[in-house]
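Visitor: I would like to learn how to read a model like this one, feature by feature. Please take me through it.

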Amino acid sequence: MQKFNIAYTCSIRHPGMEDERYGEFESPTTIVAVATALERIGADVEVIDVGKDIYHQLEKRKHQIDLVFNNAEGLEEKELREAIVPFFCEHLGIPYTGSSPKTFINKMDKATAKRIVAYEGVPTAKFQLMVPGDQLKDLVFPLMVKPYSEGTSIGISQKSKVHNEAELNAAIAAVYSQCEQAALVEEFLPGTEYTIGLIGNYVLPILEINFANIPGHPQLRDPHVKSIENPYISHLAWTDQARNFAKLAITAHEALEARDYNRMDFRVREGQLYFLEANVIPGIHPTDADLTNMCRHVGIAHQDMVALIVDKAVKRLALRYPERFHDKTQLLEDIADSTINKVAKAGFLTHQGRMYTLLGK
């Protein structure tokens with residue numbers, strides 16, 4: 001078997017990047033864990049820190065790279081930033097893991113993502129985009145205020161839930177000042193939060209975030225809550241309710257045309273699940289990330305999770321780039337098959353002719 005050349009593109013968190021703006025950047029712990037997992041599948045791995053020269057970094061390697069394992073948050077282009085590496089890979093003819101530039105752009109504009117999934121029948125809270133000075137229209141307090149184009153809870157605090165116009169105006173001004181963008185103002189959904197992940201056509205165990213169990217009884221997953229919540233997160237068994245939740249998540253996943261892996265956040269109101277947002281390049285920290293947590297619950301180690309993501313991408317890309325993968329992926333296939341064969345399955349769901357497997361019990 002020949003060596004598999006993988007470029008791992010990511011945004012590296014360097015010393016001095018403690019500000020929440022860099023919350024999506026990768027720690028040395030994540031980078032080492034992911035690079036080691038990629039080497040385990042038989043790859044030569046080069047880590048590329050995504051900066052302003054990323055096009056040239058990819059261009060000079062385009063004939064050597066078999067696959068880009070992309071986990072880069074990009075630069076400062078707002079809703080375009082996560083699309084930068086996929087766009088350049090498309091232009092240069094380099095295979096890459098994950099979703100297309102179109103999906104990243106649609107997902108990063110949270111208002112657009114909500115409109116797309118709503119068109120396919122997935123409930124989502126009513127909303128309005130606002131900048132300082134705008135007037136509230138048909139929404140009723142309490143409301144949720146967050147940046148319209150950020151991730152990893154950037155720009156969110158417990159003050160993001162507002163109860164009157166004074167709090168609303170202050171929250172909009174804070175988003176506009178700190179993130180230089182409009183605020184997404186939406187109905188506040190008071191129920192339990194759920195996050196639902198997929199790798200390929202596998203639906204991972206659903207995580208339940210019951211805020212009543214978290215110290216201080218917060219109401220939102222802000223950066224502080226995410227740093228302490230892991231001991232209080234639970235996993236749903238595959239009851240009829242959980243299956244219905246998964247059906248909505250699959251519908252949203254396909255509506256956004258996400259690929260290879262994805263994680264979506266939802267909340268319940270009066271028994272109905274509502275879409276909050278998608279994370280089509282979810283965190284993959286070896287211990288703390290939600291996707292890692294879901295996999296760990298069904299006995300999938302972090303290194304096997306990475307292998308599954310790559311395997312799904314390679315299977316999707318093989319017809320388009322046969323020469324890139326010929327005689328290089330047998331070890332990857334063996335690891336992926338061995339991993340998934342050991343995991344309990346709770347049945348299947350079908351959406352528009354495609355079958356999804358529920359992992360776990």
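**Reading the model**

Guide: Histidine 217 sits in the loop that runs between β10 (207-209) and α7 (223-228). Keep in mind throughout that this is a predicted model.

Visitor: What is the phi of histidine 217?

Guide: Start with the general idea. Most residues other than glycine have a negative phi, and most peptide bonds are trans. Histidine 217 is not a glycine, yet its phi is positive, near 50 degrees.

Visitor: Is histidine 217 buried or exposed?

Guide: Histidine 217 has a relative accessibility of 57%, so it counts as exposed; the cut-off for that class is over 50%.

Visitor: Where does aspartate 327 lie?

Guide: Aspartate 327 is in the loop between α11 (322-325) and α12 (330-341). Its phi is positive too, at about 60 degrees, although aspartate 327 is not a glycine. With 42% relative accessibility, aspartate 327 counts as partly exposed.

Visitor: Which residues does the cis peptide bond join?

Guide: Phenylalanine 141 and proline 142, with omega at about 0 degrees. Proline 142 belongs to the loop between β4 and β5.

Visitor: In what order do the strands of the open sheet with 4 strands stand?

Guide: The order is β4-β7-β5-β6, with antiparallel pairing. To read a sheet, look for its edges. Here β4 (127-130) and β6 (161-162) each have a single partner strand, so one side of each lacks a neighbour in the sheet. Strand β5 (residues 143-147) pairs with strand β7 (residues 183-187) through 5 bridges. Within that pairing, lysine 146 has leucine 184 of β7 as its bridge partner.

Visitor: Which strands does helix α6 lie across?

Guide: Helix α6 (residues 165-179) lies across β4, β5, β6 and β7, and runs at about 10 degrees to β5. Isoleucine 172 is in helix α6 and is buried, with a relative accessible area of 3%. Setting aside neighbours within four places in sequence, isoleucine 172 is in contact with Met130, Val131, Pro132, Val145, Ala183 and Val185. The C-alpha atoms of isoleucine 172 and alanine 182 are 7.6 Å apart, with the two residues 10 residues apart along the chain.

Visitor: How many residues of strand β12 are buried?

Guide: For strand β12 (residues 261-269), 8 of its 9 residues are buried. Next, follow the pairing on each strand it joins. Strand β8 (residues 193-199) runs antiparallel to β12 and is joined to it by 7 bridges, with isoleucine 199 opposite tyrosine 261 in β12. Strand β13 (residues 272-279) is also antiparallel to β12 and joined to it by 7 bridges; there, phenylalanine 266 has phenylalanine 275 of β13 as its bridge partner. β12 and β13 make a hairpin with 2 residues between them, and glutamate 270 in the turn has a positive phi of about 50 degrees.

Visitor: Which domains does the assignment give?

Guide: The domain assignment lists domain 1 (4-98), domain 2 (126-187) and domain 3 (192-300 + 343-359). An interface can be read by distance, by residues and by area. The centres of domain 1 and domain 3, taken over C-alpha atoms, are 25 Å apart. Their contact takes 16 residues from domain 1 and 9 residues from domain 3. Between them the two domains bury about 950 Å², of which 54% is on carbon and sulfur atoms. Of the area that domain 1 buries against domain 3, 43% comes from Thr30, Asn71 and Gly98, more than from any other three residues.

Visitor: How many residues does the largest nonpolar core have?

Guide: The largest nonpolar core has 80 residues, and those with the most contacts inside it are Phe4, Leu38, Ile41, Phe69, Val203, Phe275 and Val310. Helix α10 (residues 302-317) gives the largest share of this core, 9 residues. Domain 1 (4-98) and domain 3 (192-300 + 343-359) each contribute at least three residues to it.

Visitor: With which residues is valine 310 in contact?

Guide: Leaving out neighbours within four places in sequence, valine 310 is in contact with Phe4, Leu38, Ile41, Leu67, Phe69 and Leu332. There is also a second, separate core of 15 residues, with Leu58, Val68, Phe88 and Ile94 among them.

Conventions: Residues numbered from 1 in each chain as written. Predicted model: local features only at pLDDT ≥ 70, side-chain atom pairs only at ≥ 80, totals over all residues. Heavy atoms only, no water. Core = buried A, V, L, I, M, F, W, Y, C linked by side-chain atoms within 4.5 Å. Buried < 20%, exposed > 50% of the residue type's maximum accessible area, 1.4 Å probe, protein only. Domains from an automatic or database assignment. Contact = heavy atoms within 4.5 Å. Pairing = 2+ DSSP bridges. Axes fitted to C-alpha atoms, helices over the stretch in contact; angles between N-to-C directions. Buried area = accessible area lost by both parts, 1.4 Å probe.
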